[in-house]
Amino acid sequence: MDSAEIDNLLIELKPFGFVQISFLICSAYVQFFIPLTGQSINFLAATPNHHCVLQDGFLLNQSIPVERNGDVTRYSKCEEFVDPGSPNTTQKCQAGWDYDHDVYGETIISEWDLVCDQNAAAELSQSVLQVGGLIGAFVFGLSADHYGRRPSFLVAIFLFSLFGTALCFSVNFIMFVSLRFCCGFAQMATSVAFSSSISEYMIPKYRNRATNVPSISFSFGLMFLALMAFLIQDWRYLQLAIVSPITIGFFAMWFLPESLRWVLSKGNVEQSEKLIEKLAKMNKSKIPQSINKLSRNVQDNDIFAISGTERNADDMSMEGKYSSNPRDNEQTSVIEICTDSENLEETNEKNVNGSKRNDFVNNNNKNVETSIPRDSYLDLFKSPVLLVTVVTCTLRFAHSMIYFGFALSTGRLEGNPYVNYFYSALVEVPARLLSPYAYKVIRRTYLVSFSYFACAAGLAVMIFLPSTTTKGVDLSTLKNVLSLLGKFFIVLSRGGVLLLIVELYPTTMRNKGNGLATCISRIGAIISPFMLYLDNFIPDFSTILMTIIACIAACIVLTLPDTRRTAQPQTVEELKQIMQSQRKVVKGHQNECFEDNNSDQ
């Protein structure tokens, strides 16, 4: 069965019934809590103010030397006087450290004395978690395709609950880092399997809005993390509070069904029929009549593998339009270039509704579908796909590095770290809500470029902005605002980058291209903590590097064509036509298209 036929089945089973709502709620629930393990490092590994343990009978100013950093004077955190009676010679702390717990409670830093020579502990544990996520996404991506979406996300959630709980009982830093790796592995695995399930149960009409719900839930989860960290100022209990809701939610998610698209792709008629009957019962709808013809389709070898991103209703709109006559293809491409991709989904949905009594499309179209060649990873680096690969991978790398640069540095901002982190999460919500509407109206490449440039501008101002003016006016609040604006724009850019990936890669390369870009983005997330660590040796190093990366991303995205008014390319040849259309478009067809779109609005 092709994607349009499955959409037809889902419509007859109720396109937004109990099953879809259950997946949406569970996905939002998972995205609310699971990512907290990654960003909780801001509080689990926060470094309280500290100094060497004072020698008996001596005061702080007698035992600890004073250090000057520009206009700032403070007591040394890593040295003490050898002989407090004659403060001339200093040495490293001999008896350990005293920690100030007024702001942060017990953290892994204060419990295991991970300061001074071992002050890269937080950065290392965060990078190890991202490495685990990279491997988990790859392993469970294959697992979800081979064994099914449901067993994959259930196993991933179980492993996350297991490792997350074990993390609370870490006895040393090595055990902590090892379990963080396992948590990262299970965290990304859960996201991969769940995202596939929710997109595959949604018809095109609801898919875009449905997939945006978990990302908004993610931002609200980060705000909740700030509140939890403020109320629970012990890292073990904080980690337990983060993982406990996932453990409880695991039992509710046990009753979620397998992906219908995945089951149909495997050609198991009996399992497909049972699942359709179960879905009809859960959605309180009638069993579709087309279920009786599943056996015949399997015998005719008409079922093919279906993926939530590789093959959807948008792709089907391209099929059957290209004949063996090159002139016919040229005429068709011009019309497609002038077609709004959002309207394509609505048009396809209307066609499905209008033909819901017809169980299957004609065999000629199916022959076209099954004859599409499969491409290898090497084809991602051949023209014209090479340009798409280089640009989208650069954009994903830049987004991850800059996003985590902002997310992991909120503790450096002036003011209350819990309030700053709350604001940092809050600013993501309007960016995520605005993204689907902004990219529908404004050219994708222009808005992505503007977002990166705006982010770079805010970062550049922060580099040259002093802490106070010559008249003593405190500018720390202004710096905080610039940081929040930078994060707003980097979050806004993400929606456009994901759209470009989905809408530019040919169908046979879309999963591979998206997978490669995701791997590259994980590398940016792995590097980001160490980029922040280098600020200890080179002032403003991370801010300067993020500014440069953002500028590069802002420029390079302009080399891609706009995809608002193009259908998703089915082949490399169609991608070439989209690329060429940016330089040479038939004016008559273009003006007619814009007039039609304006009249619809």
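Reader: Let's start with Cys116. Is Cys116 buried or exposed?
Author: Cys116 is buried, with a relative accessible area of 18%. The cut-off for buried is under 20%. Keep in mind that this is a predicted model.

Reader: Where does Cys116 lie?
Author: Cys116 lies in the loop between helix H6 (108-112) and helix H7 (121-147). Its phi is positive, about 60 degrees, although Cys116 is not a glycine.

Reader: And Asp540, what is its phi?
Author: Phi of Asp540 is near 60 degrees. That is a positive value in a residue other than glycine. Asp540 sits in the loop between H24 and H25. Asp540 is partly exposed, with a relative accessible area of 36%.

Reader: OK, H25 then. How many residues does H25 have?
Author: H25 has 16 residues, 541-556. From first C-alpha to last, H25 reaches 23 Å. That is close to the 22 Å expected at 1.5 Å a residue.

Reader: Which helices do the buried residues of H25 pack against?
Author: They pack against helix H19 (385-407), helix H22 (444-464) and helix H24 (510-533). The buried residues of H25 include Met546, Ile549 and Ala553.

Reader: Back to loops. Which peptide bond is cis, with omega near 0 degrees?
Author: The bond from Ser383 to Pro384 is cis. Pro384 is found in the loop between helix H18 (363-370) and H19.

Reader: New topic: aromatics. How many aromatic pairs does the count come to?
Author: The count comes to 21 aromatic pairs. One of them is formed by Phe158 and Phe250. That pair is tilted, with 6.2 Å centre to centre and 50 degrees between the planes.

Reader: Which parts does that pair tie together?
Author: Phe158 lies in helix H8 (residues 149-167) and Phe250 in helix H11 (residues 235-253), so the pair ties together parts that are 92 residues apart in sequence.

Reader: Is Phe250 buried or exposed?
Author: Phe250 is buried, with a relative accessible area of 14%. Phe158, at 46% relative accessibility, counts as partly exposed.

Reader: Which residues form one aromatic cluster?
Author: Phe43, Tyr104, Phe230, Tyr418 and Tyr421 do.

Reader: Last one, the surface. Which residues make a nonpolar surface patch?
Author: Val131, Ile135, Phe138, Val139 and Leu142 make one of about 420 Å². Leu142 is in helix H7.

Conventions. Residues are numbered from 1 along each chain as its sequence is written. This is a predicted model: local features need pLDDT of at least 70, side-chain atom pairs count only at pLDDT 80 or more; totals for chains, interfaces and linings use all residues. Side-chain values use heavy atoms; hydrogens and water are left out. Helices (H or I, at least four residues) and strands (E, at least two) are DSSP runs, numbered from the N terminus. The expected span of a helix is 1.5 Å times one less than its number of residues. Buried means under 20% relative accessible area, exposed over 50%, partly exposed in between (1.4 Å probe, protein chains only). Contact means heavy atoms within 4.5 Å. Patches are made of residues with over 30% relative accessible area and no salt bridge: like charges are joined within 9 Å, nonpolar side chains (Val, Leu, Ile, Met, Phe, Trp, Tyr) within 5 Å. Accessible areas come from the Shrake-Rupley method with a 1.4 Å probe; for residues, only the protein chains shown count as cover. A salt bridge is a side-chain nitrogen of Lys or Arg within 4 Å of a carboxyl oxygen of Asp or Glu. Rings of Phe, Tyr and Trp (its six-membered ring) pair if their centres lie within 6.5 Å; planes under 30 degrees apart count as stacked, over 60 as edge-to-face and the rest as tilted.
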